[in-house]
Structures are given as C-alpha cells and as structure tokens.
Amino acid sequence: MFSDETEILRKIRLIEHLKAELVTDVGQVYHAVAENNGQAVHALADVIIGGYILGKRLGIEYVALDEAVNRKVEMLINQEPDPEKWYGDYSALRHHIQRKG
C-alpha cells in the first residue's frame, strides 16, 4: 500500500513541477519579447514542449492534443478574430500544420 501512495505522490509532484515550469516558460517569453534579445523563439518552443509533456502526464495523447489544436485553429478562422482578419495568422498556421502532417 505504501508503495502505491509513493507512486501517486511522485506523479502529483511531477505534474506540479511541469505546471510550474510552464508558468516559468511563459514568463521567459515575456522577458524575451521585452528585451528583444532573439530568445523568444526558444522560450516559445519551451512553452509548446511543456504543454505537450504536461498533457501527456495528464493522460492526453499527443495525437489528441494535435487534433484539439487543429479544431481550435479552424474555430478561430471561422470566428475571424483580429489576428485572422488583419493578417490571416490562423489560416497561415492551418496551412503550416497541414504541410507538416
């Protein structure tokens, strides 16, 4: 029984650690943009990777996360928020995702 509790605690600690890392990574994005030091791409990559790993630890398969992103992008294209209206950002992202897939 103690062994099971230890495993559960280990999983909870890992999830909490991953959540904290994700928040830290978002903070790094803010710093990189404010300092304009060319590190934004690395900070954004950390956020994306962190999201995938946290999702995996929460029981979300990578494919399911990819599908959710695709559905969300389609929804945003249809809603036409400012980034889509002004620049076509979500359509460009959909095109990029489709090219990769």
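**Note on the largest pocket and the helices around it**

1. The lining of the largest pocket draws at least two residues from each of helix 2 (40-57), helix 3 (62-79) and helix 5 (89-100). Helices are DSSP runs of H or I with at least four residues, numbered from the N terminus.

2. This is a predicted model, in which local features need pLDDT of at least 70, side-chain atom pairs count only at pLDDT 80 or more, and totals for chains, interfaces and linings use all residues. Residues are numbered from 1 along each chain as its sequence is written, and side-chain values use heavy atoms, with hydrogens and water left out.

3. The largest pocket holds about 360 Å³ of space. A pocket is an open set of points, on a 1 Å grid over the protein atoms alone, where a 1.4 Å probe fits, with protein on both sides within 12 Å along at least five of seven lines; lining residues have an atom within 4 Å of a point. The volume is the space filled by probe spheres set on the points.

4. The lining consists of Ile48, Gly51, Tyr52, Leu65, Asp66, Val69, Asn70, Leu93, His96, Ile97, Lys100 and Gly101. By class these are six nonpolar, four polar and two charged residues. Ala, Val, Leu, Ile, Met, Phe, Trp, Tyr, Cys and Pro count as nonpolar, Asp, Glu, Lys and Arg as charged, and the others, Gly among them, as polar.

5. Helix 2 and helix 3 pack with axes 9 Å apart at an angle of about 125°; they are therefore oblique to each other. Axes are lines fitted to C-alpha atoms over the stretch in contact, and angles run from 0 to 180 degrees between N-to-C directions.

6. Where helix 2 meets helix 3, Gly51, Tyr52, Ile53 and Lys56 face Tyr62, Leu65 and Asp66 in contact (heavy atoms within 4.5 Å). The residues of this contact divide into four nonpolar, one polar and two charged.

7. The axes of helix 3 and helix 5 come within 9 Å and cross at roughly 150°; the two helices are therefore roughly antiparallel (over 145 degrees). Helix 3 contributes Val69, Asn70, Val73, Glu74, Leu76 and Ile77 to the contact, and helix 5 contributes Tyr90, Ser91, Leu93, Arg94 and Ile97.

Definitions and conventions. Parallel < 35°, antiparallel > 145°, perpendicular 65-115°, else oblique.
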